Amino acid sequence: MRVTGRWRTLPALAWRDTRTTRRRLVLSMSSIAIGVAALVAVDSYSADVVRSIHVQARSLLGADLSVSARRTLPPPARAWLDSLRARGAAEAHVTTFSSMALGGSLAGGGKGTRLVQVRAMGPGAPFYGKIETSPPDKWKELQSGPYAIVDSALLIALDAKIGDTLSLGYARFAIIATLRNVPGDIGVASALGPRVYIPDKYLAATQLLTYGSRAEYETLVRLPAAMDADALAKSHRQLFDSLQVRARSVADTERSLTRSIEQLGRFLGLVGLIALLLGGTGVASALRAYMAEKIDAIAVLRCLGASASQVVWMFVLEAAGLGLAGALMGVVLGVGAQLVLPHVLGSFIPVDVSPQLEWIPALSGLALGTWVGVLFALGPVLGVRNIAPLQVLRRDDDSAQGAARSAWRDPPRVIAALVLAASVVAVCIARADGAIVGLWMSAGIAGALGATWVAAIVCARLAKRLAQLRWSFIVRHGITNVDRPGNQTRPVVLALGFGAFLLGTLALVQGNLLRQLSSAANASAANLAYFDVQTDQARPLDSLLRSRDLPVLSQVPIVPMRIAAYRSRKPPLPARGERRSDSGARGAEANRPSWALRREYRSSYRDSIAPSEKLVAGKWWTSDGPDTDGVYEISVEQSLAEELGVAVGDTITWDVQGVRIRTRITSLREVEWTRFEPNFFVVFQPAALREAPQTYVMLTRVDDDASRARVQRDAVLRFPNVSTIDLTLIENAVGKILDRVSLAVRFMALFSVVTGVLVLISAIAASRRQRVRESVLLKTLGATRPQIVRMLFTEYALLGAIGSVAGIVLAVGGGWAAVHFIFKTPFAVTPLSLAAVASATILLTVATGLFAARDVFSETPMTALREV
Amino acid sequence: MLVARELTKSFPSGDRTITVLRDVSFTIGDGEFVAIVGPSGSGKTTLLGLLAGLDTPSAGSVLLDDVDLARLSEDARARMRGEKVGFVFQSFQLIPTLTALENVRVPLDLRGDDGALARATDLLARVGLANRTHHYPVRLSGGEQQRVAIARAFVNSPRVLFADEPTGNLDHTTGIRIVELLEQLNRDASTTVIIVTHDAELAARARRVIRLNDGLVIEDSVRAA
């Protein structure tokens with residue numbers, strides 16, 4: 001197409017047209033920048049992480065191949081590993097289990113105790129990746145004696161220092177260093193149990209791995225260069241599955257980690273995308289105010305011979321230029337925020353990440369930002385097509401409003417809106433790993449924005465009613481101002497409301513989980529549990545506790561077992577955390593028996609139902625013996641029954657240390673897992689397990705912190721294999737993890753809040769002229785500055801209140817849904833946290849509003865005479 | 001009584017100073033009807049702004065009922081305006097988000113006056129808009145809007161009413177009616193009315209004319225009754 005003179009001059013015209021309002025327009029476009037920044041930051045960071053995972057995958061696994069099981073490797077797996085060794089592979093062993101660690105030596109009495117994660121490392125392990133220590137390079141000394149390298153958190157907990165002695169079971173170790181970085185470990189993991197590395201040749205000396213102890217036995221394999229670990233793992237997967245052995249290659253590790261990171265990125269990106277759309281509504285609104293001011297200028301242009309399409313193209317060019325400017329700002333901000341993200345998310349990421357400029361996220365952020373900016377601007381811009389040259393002579397206010405009202409009957413504007421919707425769906429599909437997920441994401445976005453939009457409108461309506469009450473003139477005027485034309489009330493409320501919604505939901509979920517936890521602590525009679533108590537230790541421990549006047553609240557037997565066979569009428573559900581549609585290993589994944597089948601069960605037996613349980617089907621047994629066929633009765637937890645696809649009447653055969661026990665399900669239970677009591681998936685009739693090898697859990701309550709510490713230490717001194725769980729420590733650990741998670745979510749919510757602030761600032765800038773005129777007029781009529789400030793205060797406080805009420809109403813819904821469906825615990829509104837979110841939102845709005853409008857009340861009344 | 005004493009107003013413009021008013025002095029007694037006339041740029045609006053306390057003079061002083069406006073703070077001047085001064089503007093200057101009645105009430109509302117409703121309703125009736133009280137400004141014609149503005153100007157029973165080109169945006173017939181309304185209110189409430197205009201016909205109706213040119217008073221004449 002030949003570019004004619006008429007069109008060639010358009011860019012210059014467009015540029016000149018923005019001359020007086022350029023700063024204000026850039027301000028309105030900056031609301032897009034925040035969304036772009038969020039997307040660029042999240043995408044760049046996840047690209048950084050995926051790249052790091054790829055580079056570090058071998059170190060993350062520590063080997064070419066890892067074979068692990070919940071017990072010592074069964075002979076066929078052992079034989080297979082031996083055959084690998086014969087072909088030149090090297091192997092090293094890692095045994096991981098929980099145990100009590102005691103500061104100081106056994107003889108010295110010790111200082112403190114703490115439940116830790118012990119990793120007994122064979123020589124050579126890990127083959128790849130460097131475990132960094134402080135002081136540095138102590139890792140290679142680990143194997144040269146009875147040494148331990150520990151998390152620094154443990155030293156604090158035990159009040160110990162490097163060089164001190166650490167007791168694990170019956171063995172003593174010298175602490176030679178603390179851990180600085182372990183490839184593949186995530187930061188928050190140590191909150192639950194500090195890590196302790198010891199050489200595995202001293203494992204036996206601890207005497208900790210006795211009957212019933214839970215441990216993971218892992219063999220790390222280093223293969224000769226010619227052997228393909230991934231192919232080996234795949235070809236033997238069926239064998240491993242049947243043996244209840246887990247085999248992972250480097251590629252498996254990389255795949256699963258990359259998938260998790262991509263999911264995290266997708267979730268956080270969703271928040272960014274929403275922030276972008278919120279900014280877009282701000283742009284549309286600012287452009288509408290801008291175009292209303294431009295009506296005269298447009299009419300003049302039309303009089304001077306400009307065609308309607310020239311005028312439209314001029315403004316489209318302006319919008320594109322500004323969108324580009326906004327998106328560019330966003331990219332710069334995003335690249336900056338990418339450097340902050342490691343501090344926010346780092347404790348969930350198992351690799352060291354070196355941020356670098358990721359071109360694809362940056363450029364796609366730029367393109368998306370510009371595109372969204374133009375599309376949102378298109379609505380108001382297309383509205384000016386209808387401005388007639390005659391308007392120069394006769395300015396009719398109604399026609400401009402009429403044009404705005406009929407937007408939905410104007411085909412080009414409807415098309416623009418549809419293109420916008422289609423673009424968002426396309427972006428979602430591109431970001432998700434499938435069209436269906438993408439459509440769900442779009443539906444989620446539409447739902448979240450739609451709900452906030454409706455809540456905003458309803459709240460604004462209610463606020464308008466307020467104005468009819470008998471307030472003082474100042475307050476009433478402030479209230480009516482919220483509804484001022486061109487005030488962009490809806491986009492401001494939308495963005496603020498969405499921010500309040502995210503923060504409110506977060507506060508509610510966090511508050512509920514913590515409340516649940518502490519109420520569990522208060523409601524449960526016990527706050528200290530001893531587990532792995534051997535049969536011969538039960539009585540002495542019992543007397544130890546009683547000698548301290550501590551109650552033994554219960555003593556529950558535990559018998560480890562696996563499922564040997566079962567018959568159900570329904571096919572089992574796919575296992576947790578495994579997806580059938582896994583690319584690459586599709587066939588193998590689908591055939592894998594579910595987690596419920598492979599896992600080790602720790603079951604108990606008793607003759608009555610526990611207070612934390614509720615019978616939901618069938619009947620509890622009344623007899624204490626097998627039926628005539630030698631089949632015992634069991635009661636199964638309902639979610640497990642669902643997973644296995646079993647119901648009352650089905651039979652399961654258990655393998656209890658090689659002994660087969662046949663059972664029939666006679667009841668299903670609902671279990672309140674959050675209670676601090678031993679709960680079980682499967683409970684047996686006592687006669688079935690009474691003679692089986694078993695350990696005990698004993699519960700007691702010690703209210704005073706110091707005596708609780710003392711009684712734990714004394715028990716560990718006498719029974720080193722017995723571990724204790726201190727409920728207050730769990731509360732602290734969960735609190736810590738929740739803090740980290742909420743930091744990440746709060747960081748993303750910030751993008752939405754900042755967008756709200758920017759939309760507010762640009763809205764105030766857009767209506768500045770009108771505001772100045774009015775405040776000056778009021779001053780002329782006798783209003784003092786404090787009165788003007790009070791009017792503005794009322795207006796912004798109300799705006800903030802509408803946003804926060806809308807957000808909080810939705811947050812209560814969102815919080816309830818999350819707590820009810822995801823965490824499956826009872827929900828309660830935590831008014832204090834919501835009040836905090838609401839007041840923060842209102843405060844921010846008022847502060848932003850008064851700051852952005854500061855020149856409105858400083859203008860002198862003389863302007864009233866001069867203007868016009 | 002309104003006294004102007006050697007009023008001078010100058011503005012910096014670039015690196016020069018432009019003097020808009022020079023040594024303007026006069027006294028306007030209670031109940032007078034004065035027109036300030038002069039060509040565009042002669043300093044009429046600046047003078048009006050100074051007399052009403054919307055702006056402060058570079059030199060000289062304005063005394064309203066013996067109070068020097070320049071000595072008051074901006075907020076005190078605002079309160080003074082709310083009590084003693086009324087305004088009518090060429091472009092009406094109604095607040096678009098308020099109804100006719102609400103617009104009229106504003107000065108009393110700002111003072112927290114309880115009688116605002118009755119007084120505003122009464123004044124709207126007197127300017128002939130009893131049936132337009134709940135209309136928003138956009139729904140009113142230019143003449144109607146100016147009548148609302150006049151009702152607003154009188155609602156606080158001002159000592160002085162300033163009108164800046166009150167007929168400038170109106171057709172001839174409507175303009176005449178507005179002037180007649182101002183005259184009537186001037187008579188009934190004995191309010192001092194000061195009109196700035198370059199409409200000769202309007203000026204001719206005033207009993208006293210102060211003519212400005214280039215910032216100087218070149219004529220101050222009283223028409224024979």
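Predicted model: local features only at pLDDT ≥ 70, side-chain atom pairs only at ≥ 80, totals over all residues.

Author: Strands (E, at least two residues) and helices (H or I, at least four) are DSSP runs numbered from the N terminus. Residues are numbered from 1 along each chain as its sequence is written, chains are lettered from A and ligands numbered from 1 in the order in which they are written. Local features need pLDDT of at least 70, side-chain atom pairs count only at pLDDT 80 or more, totals for chains, interfaces and linings use all residues, and side-chain values use heavy atoms, with hydrogens and water left out.

Reader: How do you know that strand 2 of chain A pairs with strand 9 of chain A?

Author: Two strands pair if DSSP finds at least two bridges between them, and eight bridges join strand 2 to strand 9 (residues 215–222) of chain A, so these antiparallel strands count as paired. Within this pairing, Thr96(A) has Glu216(A) as its bridge partner.

Reader: Which residue stands opposite Thr96(A) in strand 3 of chain A?

Author: That residue is Arg119(A), and strand 2 is joined to strand 3 (residues 113–121) of chain A by nine bridges, again in the antiparallel sense.

Reader: Why are strand 2 and strand 5 of chain B said to stand at the edges?

Author: The open sheet has four strands in the order 2-1-4-5 (chain B), with antiparallel pairing. Strand 2 (16–28) and strand 5 (67–68) of chain B each have a single partner strand, so one side of each is left without a neighbour in the sheet. Strand 1 (residues 2–13) of chain B pairs with strand 2 of chain B over nine bridges, and there Phe11(B) stands opposite Ile18(B).

Reader: What makes the meeting of Asp75(B) and Arg785(A) a salt bridge?

Author: The term requires a side-chain nitrogen of Lys or Arg within 4 Å of a carboxyl oxygen of Asp or Glu; the N to O distance here is 3.7 Å, so the pair qualifies. The count between chain B and chain A is two salt bridges.

Reader: How is the contact between the chains described?

Author: Contact means heavy atoms within 4.5 Å, and 30 residues from chain B and 28 residues from chain A take part.
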